[in-house]
Amino acid sequence: MKILKALLPHVTIVLCILFLVLWILDYFNPMMHFLTAALPKALLLVFIASAAATAIMAVAYQRK
């Protein structure tokens with residue numbers, strides 16, 4: 001269980017970076033249709049910001 005608690009924030013950070021890269025790719029090449037509508041793009045950015053902040057705080061708390 002300790003391994004899962006230590007690994008989960010890092011996985012969240014990696015997934016946030018992945019979604020951010022997909023958003024950037026969709027911005028520069030919309031013909032690939034990674035993200036299609038405006039609302040999912042905005043919600044995805046909110047998700048990325050909140051998940052990254054949560055994961056960074058969890059990692060900082062674990063290192064104390």
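The largest nonpolar core of this predicted model consists of 5 residues: Cys16, Leu35, Leu44, Ile48 and Ala51. Helix α2, spanning residues 38–63, is the main contributor to this core, with 3 residues. Nonpolar side chains tend to be buried together in soluble globular proteins. Leucine 44 belongs to this core. Beyond its neighbours within four places in sequence, leucine 44 is in contact with Phe19 and Leu35. Of these two partners, Leu35 is itself listed in the core.

The overall fold is helical. The secondary structure amounts to 2 helices and 0 strands. Helix α1 covers residues 2–28, and helix α2 covers residues 38–63. The C-alpha atoms occupy a box of roughly 45 × 15 × 15 Å along the principal axes. The radius of gyration is 14 Å, whereas a compact globule of 64 residues would have a value near 11 Å. Of the 64 residues, 14% count as buried. Contacts were then sorted by sequence separation. Among those between residues at least 6 apart in sequence, 61% join residues at least 24 apart.

The structure holds 1 salt bridge. It is formed by the side chains of lysine 41 and aspartate 26, at 3.1 Å from N to O. Aspartate 26 lies in helix α1 and lysine 41 in helix α2, so the pair ties together parts that are 15 residues apart in sequence. Side chains of opposite charge can pair when their charged atoms come close. The two partners fall into separate accessibility classes. Aspartate 26 has a relative accessible area of 2% and is therefore buried, because the cut-off for burial is under 20%. Lysine 41 is partly exposed, with a relative accessible area of 25%. Not counting residues up to four places away in sequence, aspartate 26 touches His33, Phe34, Leu35 and Lys41. Among these, Leu35 is a member of the largest nonpolar core.

Further pairs relate helix α1 to helix α2. Leucine 20 is found in helix α1, and leucine 45 lies in helix α2. Their C-alpha atoms are 7.6 Å apart in space, although the residues are 25 apart in sequence. Both residues are partly exposed. The relative accessible area is 34% for leucine 20 and 33% for leucine 45.

Other pairs were examined by C-alpha separation. Leucine 43 is found in helix α2. At 52% relative accessibility, leucine 43 counts as exposed, because exposure is set at over 50%. The loop between α1 and α2 holds threonine 36. Threonine 36 is exposed, with a relative accessible area of 63%. The C-alpha atoms of threonine 36 and isoleucine 17 are separated by 19 Å, and these residues are 19 apart along the chain.

The surface was examined last. The protein exposes about 5200 Å², and carbon and sulfur atoms supply 80% of that area. A nonpolar surface patch of about 460 Å² is made by Ile3, Leu7, Val11, Leu15 and Leu18. Isoleucine 3, one of the patch residues, lies in helix α1. Isoleucine 3 is exposed, with a relative accessible area of 69%.

Taken together, the model shows 2 helices and 0 strands. A nonpolar core of 5 residues includes Leu35 and Leu44. The salt bridge between lysine 41 and aspartate 26 joins helix α2 to helix α1.

Methods:
Residues are numbered from 1 along each chain as its sequence is written. This is a predicted model: local features need pLDDT of at least 70, side-chain atom pairs count only at pLDDT 80 or more; totals for chains, interfaces and linings use all residues. Side-chain values use heavy atoms; hydrogens and water are left out. A nonpolar core is a set of buried Ala, Val, Leu, Ile, Met, Phe, Trp, Tyr and Cys residues joined through side-chain atoms within 4.5 Å. Buried means under 20% relative accessible area, exposed over 50%, partly exposed in between (1.4 Å probe, protein chains only). Helices (H or I, at least four residues) and strands (E, at least two) are DSSP runs, numbered from the N terminus. Contact means heavy atoms within 4.5 Å. The radius of gyration is taken over C-alpha atoms; the globule rule is 2.2 Å times the number of residues to the power 0.38. Accessible areas come from the Shrake-Rupley method with a 1.4 Å probe; for residues, only the protein chains shown count as cover. Patches are made of residues with over 30% relative accessible area and no salt bridge: like charges are joined within 9 Å, nonpolar side chains (Val, Leu, Ile, Met, Phe, Trp, Tyr) within 5 Å. A salt bridge is a side-chain nitrogen of Lys or Arg within 4 Å of a carboxyl oxygen of Asp or Glu.
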